[in-house]
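User: I have a model open and would like to go through it with you. Could you take my questions one at a time?
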Amino acid sequence: MPTRDSAKPFFQLVGVQKQLGGHKILQGVSLEIPTGQTTVILGGSGAGKSVILKHLIGLMKPDSGSISVEGTEITNLNERQLVPIRRRIGILFQDGALFDSMTVFENVAFPLREAGHSDPLSIREAVAAVLEKIELPGEESKMPSELSGGMRKRVALARALITRPDCLLCDEPTAGLDPVLSQTISLLIQRMSREQDLTSVVVSHDLEAMRLIADHVIFIKEGVVRFSGSLIDLENAEDESIQTFLSAKGGGG
Amino acid sequence: MTALLQRAGSIALDLSVYFGQLGSLTWEVLSAPLHHRIRWNLVLSQIVRIGIGSQLVVIITGAFTGAVFAAQAYFKFNSLGLGSATGPVVSLALCRELGPVLAGLMVAGRVGASIAAEIGTMKVTEQIDALRSMGVSPVDYLVVPRTIAMIISMPILVGEAIAFGIGAADLLTVKGFGLPAAWFRIQLINATEAGDILTGLIKGVIFGILIVLIACRQGLQTRNGAVGVGQATTRAVVDSSLAILIVNLFLTLILNQLLPMVSFQL
């Protein structure tokens with residue numbers, strides 16, 4: 001594992017613009033994600049949060065602007081060149097994105113096998129250990145369709161973390177979950193981030209759940225960064241759109 | 001007039017994007033073995049799904065088409081006193097055209113639809129992004145195994161369609177219409193050259209590649225959730241069926257130069 005410099009940002013975006021289906025989704029986003037912390041990207045639906053997340057790992061390419069990971073420019077890397085960077089980053093997709101045709105065991109073991117691990121016993125042990133950590137021990141043989149929404153997210157989290165990445169990206173981890181489950185999954189992300197010393201980026205509109213885990217907050221509106229700083233500073237920010245977002249969320253939970 | 005030009009322009013643009021994507025997918029499939037190992041376990045499971053799973057429908061199609069074609073040929077030829085021409089005509093038609101085209105169309109319907117729906121669903125549920133995020137190329141993982149499985153399966157399926165077609169024609173003309181068995185079979189064997197069978201098998205392989213690439217492209221480009229998956233599935237079947245019929249004409253002309261039909265005497 002490369003040595004990590006916590007003063008250097010893990011991700012850096014400069015002037016990123018992206019248009020999708022004729023709509024300008026990102027309109028010059030510049031931001032830095034600090035290393036070793038949990039950064040929450042907040043914003044309403046359609047603000048461009050998930051699009052930012054996909055740019056961080058090269059799943060989407062910006063129309064203009066640049067993206068770098070620990071100082072390495074990834075904007076123009078092709079899929080093959082991105083592989084070593086992607087192997088250092090785990091991602092939890094919004095609905096889990098578990099492979100339907102595979103069991104829980106095969107899903108969680110997949111990144112390990114793809115990274116070149118072939119010893120069946122050590123893979124089995126690693127999967128059992130990570131399922132234990134996300135509090136789903138012994139569920140290896142179930143198919144994704146047999147799992148509830150919360151369980152799918154936890155299995156997806158296990159799959160994202162089994163290769164012990166340096167960074168974890170989460171796309172709306174609490175979407176579609178009740179408040180109790182939202183809190184459980186948020187705390188799980190926080191615990192795993194601390195245990196594995198991760199740089200985490202969580203995209204969400206769920207302020208209540210994110211309050212528990214955010215070290216650093218970035219607020220996005222209409223494809224532009226409106227705020228970057230601590231949660232306390234966010235709450236004291238004078239920007240009207242931030243206050244509107246915070247008060248709406250405060251009332252609605 | 002301007003609207004018409006705009007419409008024509010937009011169709012031309014869509015077509016060039018379509019063929020561009022298809023060409024780039026073909027290139028990625030061809031170059032994939034240079035960069036990645038071939039996943040033979042996935043190839044094997046796709047052979048089971050594509051090849052073994054399509055057998056019944058292809059055999060039934062081949063058999064009934066062979067029988068119907070034999071009946072029509074026999075009615076016409078027998079009235080002219082040329083009943084013995086039935087075997088050669090049925091055999092040539094099945095080997096060179098009906099076997100590969102009908103097997104291709106049936107596989108386009110069955111396998112093309114299932115490939116587009118499966119990959120399309122994976123696309124809209126972010127499973128394709130999940131693969132990419134783990135450093136796995138969707139082309140290497142999904143398209144290459146299906147392409148190899150299709151290349152292996154199609155000639156076998158076409159061979160089965162031809163064999164069952166001829167078998168059914170034999171059964172109907174000999175048992176049903178009372179044409180002497182030796183007459184039918186000797187004429188048929190004499191008139192059928194290796195080149196005729198090879199033409200059918202080559203066509204089958206090319207149709208298989210067309211189906212798999214068109215269906216995979218459609219799946220990988222799917223957008224807009226369940227509606228998009230439905231549209232991708234329909235387009236995969238329609239486009240690959242049309243591609244088979246259009247490409248077949250050119251293949252017939254080219255293959256007739258390379259493997260010319262030998263004249264036969266009754």
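User: Among contacts in chain B between residues at least 6 apart in sequence, what percentage join residues at least 24 apart?
Analyst: The share is 89%. Please keep in mind that this is a predicted model.

User: How many helices and strands are there in chain B?
Analyst: Chain B has eight helices and zero strands. Its elements, read from the N terminus, are therefore written α-α-α-α-α-α-α-α.

User: And what does the C-alpha trace of chain B span along its principal axes?
Analyst: The C-alpha trace of chain B spans about 65 × 55 × 35 Å. Of the 266 residues in chain B, 48% are buried.

User: Let us turn to helix 2 of chain B. Where is its kink centred?
Analyst: The kink is centred on B:Gln55 and amounts to about 45°. After helix 2 of chain B comes B:Gly81, which has a positive phi near 75°.

User: How far apart are the end C-alpha atoms of that helix, and what span should its 40 residues have?
Analyst: The end C-alpha atoms of helix 2 of chain B (residues 40–79) are 54 Å apart. At 1.5 Å a residue, the helix should span 58 Å, so the two values agree.

User: Next, helix 6 of chain B. Which of its residues are buried?
Analyst: In helix 6 of chain B, residues 181–191, the buried ones are B:Phe184, B:Gln187, B:Leu188 and B:Ala191. Viewed down the helix axis, they fall within an arc of 100°, so they line one face of the helix.

User: What do those buried residues pack against?
Analyst: They pack against helix 3 (86–124) and helix 5 (138–176) of chain B. On the other side of helix 6, B:Ala181, B:Ala182 and B:Ile189 are exposed.

User: Which residues have the most contacts inside the largest nonpolar core?
Analyst: They are A:Leu169, B:Ile211 and B:Cys216, in a core of 139 residues. Helix 3 of chain B provides the largest share of this core, with 18 residues.

User: What does A:Leu169 touch?
Analyst: Leaving aside residues up to four places away in sequence, A:Leu169 touches A:Leu53, A:Leu56, A:Ile57, A:Ile89, A:Ile91, A:Leu92 and A:Val201.

User: Finally, how many residues of chain A are in contact with chain B?
Analyst: 16 residues of chain A are in contact with 12 residues of chain B. Helix 2 of chain A gives the most to the side of chain A that touches chain B, namely four residues. The residues on that side comprise nine nonpolar, one polar and six charged.

Technical notes: Residues numbered from 1 in each chain as written. Chains lettered and ligands numbered in written order. Predicted model: local features only at pLDDT ≥ 70, side-chain atom pairs only at ≥ 80, totals over all residues. Buried ≥ 20, exposed ≤ 12 C-beta atoms within 10 Å, placed from the backbone. Helix = DSSP H or I, 4+ residues; strand = E, 2+ residues; numbered from the N terminus. Arc of directions from axis to C-beta. Contact = placed C-beta atoms within 7 Å. Expected span 1.5 Å × (residues − 1). Bend = angle between axes of the 7 residues up to and from the residue. Core = buried A, V, L, I, M, F, W, Y, C linked by C-beta atoms within 7 Å. Nonpolar A, V, L, I, M, F, W, Y, C, P; charged D, E, K, R; others polar.
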